[in-house]
Amino acid sequence: MALDILVLPGSLRHGSFNRKLAAEAVRRLALTDANVTLLSLADYPLPIYDADLEAEKGIPENALLLAQRIAAQDGLLLVSPEYNAGVPPLLKNAIDWASRVKKVRGRPVQPFSKLVVGLASASPGRLGSMRSLAAWRLSLMALGAEVVTAQVTLANAGAAFDDEGGLLDDHASMALDTLTSSLLDHVRAVGRHG
Ligand code: FNR
């Protein structure tokens, strides 16, 4: 059975390095037997999480849809910018809302439990957003995800891509291959729908 993999970039910016890296990961995963989908958080606009808002109005429809979408996957590849040595609010807010979802229209949903997650990041800086990935690893493990050890931290991202969006550096290219194959291997070994 083909594996369903969602690739989720944490930036909506036109020209985003993380979106570029996510698109390159999608191209590589599409060469495997996986069903790969590139998701945009522009399709799931959400208010900033507020427990009073949740209590008064319930969980927004977009959070339910996002949680349902994630819950249906075998694996998730998160591609995250780093803001002030931490995670970016757009992506954190989406994950926080999705983590509140326990049921969708009466049916139990566990978006992150035993979900196999790969982590990648890109930044124009020298660290390639590695501190955001450390924070993501902690959060996702706390949600019950199986976060694979391999990860990609793409530094100097402004000079990292060719005109077609391919990675210029062999080391970065190999790291992305290692991450995508590790994600698929992990899904096959411990995936929740297997
Ligand atoms: C940044 N940026 C940044 N970069 C980094 O490597 N470490 C950091 O701590 C920060 N902090 C930070 C804070 C804020 C508020 C902004 C707006 C930016 C720079 C960031 O990596 C850069 O804007 C990237 O281009 C964002 O990712 P996308 O949109 O290109 O995917």
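This is a predicted model: local features need pLDDT of at least 70, side-chain atom pairs count only at pLDDT 80 or more; totals for chains, interfaces and linings use all residues.

User: How many helices and strands does the chain have?
Analyst: There are 6 helices and 7 strands, taken as DSSP runs numbered from the N terminus (H or I, at least four residues, for helices; E, at least two, for strands). Along the sequence the pattern reads β-α-β-α-α-β-α-β-β-β-α-β-α.

User: And how compact is the chain?
Analyst: The radius of gyration is 16 Å, close to the 16 Å from the globule rule for 194 residues, so the chain is as compact as a globular protein of that length. That radius is taken over C-alpha atoms, and the rule is 2.2 Å times the number of residues to the power 0.38.

User: Switching to packing: at what angle do α3 and α4 pack?
Analyst: Helix α3 (residues 61-71) and helix α4 (residues 89-99) pack at about 85°, with axes 8 Å apart. Axes here are lines fitted to C-alpha atoms, for helices over the stretch in contact, with angles from 0 to 180 degrees between N-to-C directions. The two helices are therefore roughly perpendicular (angles under 35 degrees are roughly parallel, over 145 roughly antiparallel, 65 to 115 roughly perpendicular, the rest oblique).

User: Which residues meet there?
Analyst: From α3, Ala63, Leu66, Ala67 and Ile70 meet Ala94, Trp97 and Ala98 of α4, where contact means C-beta atoms, placed from the backbone, within 7 Å. By class that contact has 7 nonpolar, no polar and no charged residues (Ala, Val, Leu, Ile, Met, Phe, Trp, Tyr, Cys and Pro are nonpolar; Asp, Glu, Lys and Arg charged; the others, Gly among them, polar).

User: What about α1 and α6, how do they cross?
Analyst: The axes of α1 (residues 17-29) and α6 (residues 170-190) come within 10 Å and cross at roughly 60°. That makes α1 oblique to α6. Their contact has 3 nonpolar, 1 polar and 3 charged residues.

User: Last topic, backbone: what is phi of Asn84?
Analyst: Near 45°, a positive value in a residue other than glycine. Most residues other than glycine have a negative phi. Asn84 lies in the loop between β3 (75-80) and α4.

User: Is Asn84 buried or exposed?
Analyst: Asn84 counts as exposed, with 8 C-beta neighbours inside 10 Å (20 or more other C-beta atoms within 10 Å is buried, 12 or fewer exposed, in between partly exposed, with C-beta atoms placed from the backbone).

Methods:
Residues are numbered from 1 along each chain as its sequence is written. Two residues are in contact if their C-beta atoms, placed from the backbone, lie within 7 Å.
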